[in-house]
Structures are given as structure tokens and as C-alpha cells.
Amino acid sequence: MPELNQVSWQQLDASHHLHPFTDSRALQQKGARVIERGEGVYLWDSQGQRILDGMAGLWCVNLGYGRQELIEAAHQQLQQLPYYNLFFQTTHPPAARLAATLAGILPGNMQHVFFTGSGSECNDTVVRMVRHFWAQQGQPKRQVIISRKNAYHGSTLAGASLGGMKPMHAQGGLPLPDMVHIDQPYYFAEGQGMTPHEFGLERAGQLEQKILELGPERIAAFIGEPIQGAGGVIIPPASYWPEIQRICKKYDILLVVDEVICGFGRTGHWFASEYYGLEPDLLCMAKGITSGYIPLGAVAVGERVAHTLIAGGEFFHGYTYSGHPVACAVAQANIEVMQQEHIIERVHDDIGPYLQQRWASLASHPLVGETRGLGLVAALELVADKATQARYSESAGAGMICREHSLEMGLVMRAVGDTMIISPPLVITHQQVDELIDKARQTLDLTLSTLN
Ligand code: PLP
């Protein structure tokens, strides 16, 4: 196909491509933004604009764009063995090696992994695995999985059902049966009248209430993101996770931690479970496992569940691309680069605190009601009235206006309602953090003048 210019790409795209999570009607009018190239923390669009990728793609390009080590690992594996499956008692070196490498960095007593192609597939796997586990334990009635409102666990039927996104449930009759939701630990929006400590305990306490309401003998698992990402970087009060862990133990409920965003260094730890002192029975990972260079997911399985699964013989579950050799080779290279470059330590001790300190300086802006963050993930709340922290009306579209101004400024920030979020590549430099903050501040100024 000959080189096409920007308008042609947009026309082709609008004529034939149905996008994920996109307002297709608006896209038909405006045309899609065409991203052509990436290097380090920057992207270039077809108009030649350089954009600082404050979201690391979709929270995944942790090592930044253009890493030769990852490209070379894929190239070599494509030559050696581009595909083979892991069904029917077969393995290949990239899958076996990566499983062992992951066992070395996973929290607690997790020594086994089941490979998938994505985060959504991880969560489908979780549903099948926990129900199979309880059946093997002689408790087949344990079918219910408790999640949270405004959680995001993917877009497959099980992922969208476990997730607590109302607009997703509304399209297609979800959630599936036996997937129920309690309130989220979103202090800024829902914690009025309580201290963060009280609020954390109240929200975790809803888990116990739900277990008692439905009957502990019916509950299979609780699932949660350590920090809700797509819901708006919701960082629970410190009292929340210890209480959830205590309740899961009390009623012998499996704890499933969805680390699809938090895993691989985002919080300054390999996994946020370490930060929160969690002992998950199952842990989902994807995205940063390959820095997004190629699709891969994995469900880590704690010894109790793994032992039962192994003793149970065949688990009738798997994907053609479970543990794809090229994806496993890239993940292995990704982890090795992270180790060689001390990325976790860097996020924990250096660039994470620096970003958080600079991000917190935005709190003084008249449009900002709160800033929050951990490691290299952060959020700020847009408010109409700083004193009362009242929001703009939904029709004002403050978040969307802010997102558009941000792109004009050459910065990708994401809007979740009126919450602006960032999750930049873990290799971002101090100077690039300064650039990000300057652009964010100018974006807020522009947004304020548009809204007033
Ligand atoms: N779980 C969490 C916490 C996520 O943030 C996502 C995606 O953003 C998913 C699951 C779904 O992952 P995927 O889009 O790879 O299916």
C-alpha cells in the first residue's frame, strides 16, 4: 500500500474501523488522532506533533517506546520458534523460564502461574479457577464473587461483570449471575463526614455485610484492584486493605488481587500487594509484564489453590495464545531490563517521590480540589469551587475539556469524569517530569478559562 497522508488514514479508519471505548459518532465527524511513532516517553502524531505520553499507552509501556532489548528478544524468538501451544502436556523454554522468573518476583507464597493473552482473560480465568477450586474442595455452592462498584476488570463477559462500570453493565445485560458489588473506597467523592480511617473501615466492612447477607457458604472470592486505575486512580485509605484481608481470612474467602495496572513497578514495588501487605490467593497481571510491546497476561496462583488444582487433574481451560513464546520472551527481557536498571528502586526512591512532590504542587491551582498518587501513578480532581469542593455539572464536561487542552499542549492525560489521571513510563526523567507538570499546569489554566 502506498504511503498515505493523515487525511487518508483518518478516512480509511472512519470507513472501516470500529474502535474500542470510542464515541463512534464523534469519531466520524472529527477523525481519529493518528499516532505514528514512539521513542522513550514521547509519541509523534501524523501532524508531526510531539506528545509526552503521560499514560504510558494504556498504563503499560513501562520501559518506554523503542527499547531494543525487547525488540531483539521478539526477533530472536520469532526466528527460533514463533508459535507453539502449551496444551496437552507440552511446554517451551520461554514459557517455562518466564514462569520461574515470575515465581521469583511474586509476593508471598505464589509459585505458579497460568498464562493468558490479556488482563480480561486473566479475570475470566479467575472465575473459572476459583469455582473449580471450591468444587474440588467439596464446596461447589461457593460461586459468588464479590467486587466493587466502579472497579475495572476488563471487557469480556466475566471481566465486565466483575467490573463495576454501570455503562458497561447497561450494554448487554450484565453482570452475569453471582457477581455482586459493594461500594468503592473513594474518599474524595464519597467519604464526607468521616475520617479516611473510618471511611476505609466502613467500605471494607461492606464486604462482611455482603458475605453475611448472601451466606458465607456461597462466597467464592473477593476481587479488587489495589488502586482502582480506570475508575480514576482511587487510592484507598490505609485502613481498607488490612480489613479486607482480615474478613477474607475470617470467612475463608479467596482474595484475588487484580494487578493488571499496579504490577511491574507502577507503585515502586514489583506488585502493589507488597505495598499493602496483601497475601493474595490469586493475582492477575498483564500490561507492564511486556511493557505493552506484545499481548500477554498471567494469573499467579498461591500454593493452596495451586495444590488443589494440580491434584484435581485436568482443568478444562486455556487459550491458543496462553504463554505465546514471543510474548514470554519479551516479558523475560522486560523483567531483566527492569532488574538491570533498578527500575523498582528508581520508582520507589527517586522518580516516584519526585513526581508526587511536583504533582502535589498542582493542588494550589484554583481548579483543583485534590491531588493524590503513589509511585508513578497520580490523579487530580477538577472542582468548580475550591472552598466547597463542588464539582462542575456533568454537562459542562470539565474533564473532557481538560483532556483536549492537554493534547493541544502535547501531553496525554486521561479524564475519568472530572478526575484527571497520569501513569507515565517508569523511565521518565526528572526533566521530563518537569515538562509534564508545566504542561499540566498550562492545561489547567486553559481549562479554567474555557469553563469560565
Ligand atoms: N484489570 C485491570 C485492573 C485493568 O486496568 C484492565 C485494563 O485496563 C484489565 C483488567 C483488562 O485488561 P485487558 O485490556 O488487557 O483485557
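Predicted model: local features only at pLDDT ≥ 70, side-chain atom pairs only at ≥ 80, totals over all residues.

Let me begin with Gln136, which lies in helix H6. Helices here are DSSP runs of H or I with at least four residues, and strands are DSSP runs of E with at least two, numbered from the N terminus. Residues are numbered from 1 along each chain as its sequence is written.

Setting aside neighbours within four places in sequence, Gln136 is in contact with Thr308 and Gly312; contact means that the C-beta atoms of two residues, placed from the backbone, lie within 7 Å. By contrast, 46 Å separates the C-alpha atoms of Gln136 and Ile351, which are 215 residues apart along the chain.

Now to helix H6 as a whole. Helix H6 covers residues 119–136, and its 18 residues should span 26 Å at 1.5 Å a residue; the end C-alpha atoms are 25 Å apart, which agrees. The expected span is 1.5 Å times one less than the number of residues. Of the 18 residues of H6, 13 are buried, so the helix is largely enclosed by the rest of the structure. After H6 comes Gly138, with a positive phi near 80°.

The buried residues in H10 are Phe199, Gly200, Arg203, Ala204, Leu207 and Ile211. Seen down the axis of H10, these buried residues fall within an arc of 145°, so they line one face of the helix. The arc is that of the directions from the helix axis to the C-beta atoms.

What do the buried residues of H10 pack against? Their partners are strands E5 (144–148), E6 (179–182) and E7 (219–224), together with helices H9 (187–190) and H11 (240–250). On the face turned away from the buried side, H10 carries the exposed residues His197, Gln209, Leu212 and Glu213. Leu212 counts as exposed because it has 11 C-beta neighbours inside 10 Å. The C-alpha atoms of Leu212 and Arg50 are separated by 54 Å, the two residues being 162 apart along the chain. Gly215 follows H10, and its phi is positive, near 100°.

I turn next to the strands. Strand E4 (residues 110–116) has 5 of its 7 residues buried, so it is largely enclosed by the rest of the structure. E4 pairs with strand E10 (residues 297–302) in the antiparallel sense over 6 bridges; two strands pair if DSSP finds at least two bridges between them. Phe114 has Val299 of E10 as its bridge partner, and His112 stands opposite Val301 in E10.

E10 itself is mostly covered, with 6 of its 6 residues buried. Gly297, Val299 and Val301 point one way from E10, whereas Ala298, Ala300 and Gly302 point the other way.

E10 also pairs with strand E9 (residues 282–285), in the antiparallel sense over 4 bridges. Here Leu282 is bridged to Val301 and Leu283 to Ala300. Both faces of E9 are covered, with Leu282 and Cys284 buried on one side and Leu283 and Met285 buried on the other. Strand E8 (residues 254–258) pairs with E9 in the parallel sense over 3 bridges, and Asp258 stands opposite Cys284 in E9.

Finally, the ligand. Which residues come nearest to it? Of the 15 residues around the ligand, these are Ser118, Gly119, Ser120, Gly154 and Val260. A residue is near a molecule if its C-beta atom, placed from the backbone, lies within 6 Å of it. The shell comprises 6 nonpolar, 7 polar and 2 charged residues. In this classification, Ala, Val, Leu, Ile, Met, Phe, Trp, Tyr, Cys and Pro count as nonpolar, Asp, Glu, Lys and Arg as charged, and the others, Gly among them, as polar.

Methods:
Buried ≥ 20, exposed ≤ 12 C-beta atoms within 10 Å, placed from the backbone.
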